Amino acid sequence: IRHCETVFDFTPQEWEATYILLKVVQELLDRLYQPDGYNVGWNVGKVGGQEIFHAHLHVIPRFKDEPYAGKGIRYWLKQRANRRPR
């Protein structure tokens, strides 16, 4: 285990270990909760939403009966209120 501020600091071996861990987490969540989908990702840098400055992967199970089902991360980023000033 090594501290990395962001995912961009991972070595190839750390990328592989992270992938393996992601699959283990998916299998566990599938078995326990049977989600209909997932959001998976990293926040990088303050502007990217990172609040704790070590690399950590978000694995968010999603369900078709959620009010925002079908709305991924792009939905929030594309909102008019999120447009950059010109």
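Q: What makes the contact between Glu-66 and Arg-62 a salt bridge?
A: In this predicted model, the side chains of Glu-66 and Arg-62 meet with an N to O distance of 2.8 Å. A salt bridge requires a side-chain nitrogen of Lys or Arg within 4 Å of a carboxyl oxygen of Asp or Glu, and the pair is therefore assigned as one.

Q: Why is Arg-62 called buried?
A: The relative accessibility of Arg-62 is 15%. Buried means under 20%, so Arg-62 falls in that class.

Q: Why is Glu-66 called partly exposed?
A: Glu-66 has 23% relative accessibility. The class lies between the buried limit of 20% and the exposed limit of 50%, so Glu-66 is counted as partly exposed.

Q: How many salt bridges does the structure hold?
A: The structure holds two. One of them joins Arg-2 to Glu-14, with the closest N and O atoms 2.8 Å apart.

Q: Why does the pair of Arg-2 and Glu-14 tie together parts that are apart in sequence?
A: Arg-2 lies in the segment before H1, whereas Glu-14 belongs to helix H1, so the pair links parts twelve residues apart in sequence. Arg-2 itself is partly exposed, at 45% relative accessibility.

Methods:
Residues numbered from 1 in each chain as written. Predicted model: local features only at pLDDT ≥ 70, side-chain atom pairs only at ≥ 80, totals over all residues. Heavy atoms only, no water. Helix = DSSP H or I, 4+ residues; strand = E, 2+ residues; numbered from the N terminus. Buried < 20%, exposed > 50% of the residue type's maximum accessible area, 1.4 Å probe, protein only.
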